[in-house]
Amino acid sequence: MEVVVVDSPEEGVALVADALATLVARRVDAILGLSTGSSPEPLYEELGRRCDTGRLSLQGVRAFLLDEYVGLAADDPASYRTTIRRQVVDRLDIDPDRVSGLDGMALDLSAECRDYEARIAAAGGVDLQLLGIGTDGHIGFNEPGSSLGSRTRIKTLTEQTVADNRRFFVDREQDVPRHVLTQGIGTILEARHLVLMAWGEGKADAVARAIEGPLTALCPASALQLHPHATVVVDVPAAGRLALVDYYRWVYVSKPSWQGI
Ligand code: GLP
């Protein structure tokens, strides 16, 4: 696992945007895994700036969302499909028909999950999966206790995650769904490159447990330790509890400049 400690989220998202641009330059029809939440927002803004100035085009890519709330319509302002439409589809030159999300209103949720797995596999699998991390160490919506081999399925959120997500339900805080559909940890681990971004002191504990703690279902993000190409990009406050922070910095500054993340 590569841990990159940056001085600001802006510096971090520039690195991730470079990696994405390199991927798309190699493969115009690359498959991206999009995550929702506040952590990837500055990245989507940076990608938007690059598309606006003609430095990047995502016209050929396909994208799969990581997760979705159960019971929210696709056009609900708090649904992840709407969030991605607002932050990514409306902002970048990505083809809306090539962006897929889970339908949390499907009559048969299990069939929806199975079908989603099949669609990802039929597309050839995800090349680059963006991830955030929950304060309890979850990735996607894989809460503590999730099987490290889990596939896309329905999950029940912890009270902490419901509370954390209340801020996205303006004027209807009581409506935060308790149930979600999420790619499983086993599904996520099949992506060819995982990039987890975390900003701020509030994530420091989860980041330390994910990177330096034991591999355990109690911290789902610790599953990244199993992946052959996982990159964690954190700002200084989010890196605040990492024991080997000096080493990670040393590794990064010693890297040849041609080598991306
Ligand atoms: C939600 C999402 C996750 C995200 C997490 C952290 O639970 N399902 O994908 O990583 O929130 O969000 P934020 O980046 O806003 O802290």
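## Ligand contacts

A polar contact is a pair of N or O atoms within 3.5 Å; within protein, one atom must be able to donate a hydrogen and the other to accept it, and residues adjacent in sequence count only if both atoms are side-chain atoms. The model is predicted: local features need pLDDT of at least 70, side-chain atom pairs count only at pLDDT 80 or more, and totals for chains, interfaces and linings use all residues. Residues are numbered from 1 along each chain as its sequence is written, and side-chain values use heavy atoms, with hydrogens and water left out.

For Ser39, a side-chain N or O atom lies 2.5 Å from an oxygen of the ligand. For Ser38, the corresponding distance to a ligand oxygen is 2.6 Å. Tyr80 faces a nitrogen atom of the ligand, with an N or O atom of its side chain 3.4 Å away. Alone, the ligand exposes 390 Å², and the protein buries 94% of that (Shrake-Rupley areas, 1.4 Å probe).

## The shell

How many residues surround the ligand? There are 13, and the closest are Ser38, Ser39, Asp67, His138 and Lys203.

By class, the shell has 3 nonpolar, 7 polar and 3 charged residues. Here Ala, Val, Leu, Ile, Met, Phe, Trp, Tyr, Cys and Pro count as nonpolar; Asp, Glu, Lys and Arg count as charged; the others, Gly among them, are polar.

## The parallel sheet

Strands (E, at least two residues) and helices (H or I, at least four) are DSSP runs, numbered from the N terminus. Two strands pair if DSSP finds at least two bridges between them.

An open sheet of 7 strands runs in the order S1-S10-S9-S6-S2-S3-S5, with parallel pairing. Its edge strands are S1 (2-6) and S5, each pairing on one side only. S1 meets S10 (residues 230-235) in the parallel sense over 5 bridges. Val4 stands opposite Val233 in S10.

## The antiparallel sheet

A further open sheet has 3 strands, ordered S4-S8-S7, and its pairing is antiparallel. S4 (67-69) and S7 (153-156) are at the edges with a single partner strand each, so one side of each has no neighbour in the sheet. The twist averages 30 degrees from one strand to the next (axes are lines fitted to C-alpha atoms; angles run from 0 to 180 degrees between N-to-C directions).

S7 and S8 (residues 179-182) pair over 4 bridges. Arg153 stands opposite Thr182, and Thr156 opposite His179. S4 and S8 pair over 3 bridges. Thr182 is also the bridge partner of Asp67, a residue listed among the closest to the ligand.

## Salt bridges

The structure holds 18 salt bridges (a side-chain nitrogen of Lys or Arg within 4 Å of a carboxyl oxygen of Asp or Glu). One of them joins Asp52 and Arg91, whose closest N and O atoms are 3.3 Å apart. This pair links distant parts of the chain, 39 residues apart. Asp52 is in helix H2 (residues 41-52), and Arg91 is in the loop between helix H3 (80-89) and strand S5 (99-100).

Conventions. Near = heavy atom within 4 Å.
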